[in-house]
Amino acid sequence: MSATGEVSDGRPGRGRRIVLWRHGQTAWNVERRFQGTTDVALTETGVAQARRAARLLASLKPDAIVASDLSRAARTAAELAALTGLDVTHDEALRETYAGVWQGLTHEEIVDRYGEEYAAWKRGEPVRRGGGELETEVADRAAPVVLRHAEKLPDAGTLVVVSHGGTIRTTIGRLLGLESGHWESLGGLSNCCWSVLGEGARGWRLLEHNAGTLPEPVLGDDD
């Protein structure tokens with residue numbers, strides 16, 4: 001399989017689908033603190049968000065669930081597992097970006113203390129935020145996990161990946177074959193919202209982004 005998700009044996013796309021689902025709200029989300037790999041639990045609101053979203057995603061009849069092992073993602077995934085009866089495979093490679101000294105700081109503190117570094121990251125430059133990981137390194141660890149689990153799906157099967165905003169964005173960028181400097185253009189995901197990648201003859205394509213309702217079929221000239 002290629003980096004963009006095309007099947008290596010020359011077959012047309014198998015119609016598989018990947019749902020990349022961000023975890024529910026945490027207290028640090030509310031405070032706009034950079035969480036990174038810090039293990040922060042869901043708030044009561046976050047649990048309610050996960051339960052609501054799980055009811056919607058369960059109707060897609062997923063075939064498999066894989067999640068970050070950090071508690072905010074694992075707890076979110078557990079809500080879908082309870083409805084579907086599926087086991088959750090936890091993988092630390094799906095954790096959020098490690099951001100060193102940025103972790104635990106608010107957005108305002110980061111901009112105040114590391115303004116040039118923050119601005120360079122927003123321009124799409126390769127930056128080790130807080131001395132941590134590059135976005136490409138996050139994609140290097142996360143995207144292969146997603147592809148490996150997607151490869152196990154039956155034709156037209158659905159994989160739900162429960163992870164973190166930054167990791168999801170970099171994974172989507174990698175699977176779509178976008179240059180890393182353009183990954184920021186995908187935008188962020190709200191708590192417990194998701195993006196959907198569908199498999200076509202030329203690889204993976206973005207069908208839904210930052211969605212909170214079930215995807216609708218594309219009808220019209222671009223179908």
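1. Let's start with Lys 61, which is exposed: its relative accessible area is 66%, and the cut-off for that label is over 50%. Please keep in mind that this is a predicted model. As for where to find Lys 61, look in the loop that runs between α2 (44–58) and β2 (64–67).

2. The backbone of Lys 61 also deserves a glance. Its phi is near 55°, which is a positive value in a residue other than glycine.

3. Now to Asn 210. Phi of Asn 210 is likewise near 55°, again positive and again in a residue that is not glycine. Asn 210 sits in a strand, namely β6, which covers residues 203–211.

4. Is Asn 210 buried, exposed or partly exposed? With a relative accessible area of 29%, Asn 210 counts as partly exposed, because that label covers values between the 20% limit for buried and the 50% limit for exposed.

5. Stepping back to the whole protein, you will find 7 helices and 6 strands. Going along the sequence, they come in the order β-α-α-β-α-β-α-α-α-β-α-β-β.

6. How much of the protein is buried? Of its 223 residues, 48% are buried.

7. A last point on contacts. Taking those between residues at least 6 apart in sequence, 70% join residues that are at least 24 apart.

How values were computed:
Residues are numbered from 1 along each chain as its sequence is written. This is a predicted model: local features need pLDDT of at least 70, side-chain atom pairs count only at pLDDT 80 or more; totals for chains, interfaces and linings use all residues. Side-chain values use heavy atoms; hydrogens and water are left out. Helices (H or I, at least four residues) and strands (E, at least two) are DSSP runs, numbered from the N terminus. Buried means under 20% relative accessible area, exposed over 50%, partly exposed in between (1.4 Å probe, protein chains only). Contact means heavy atoms within 4.5 Å.
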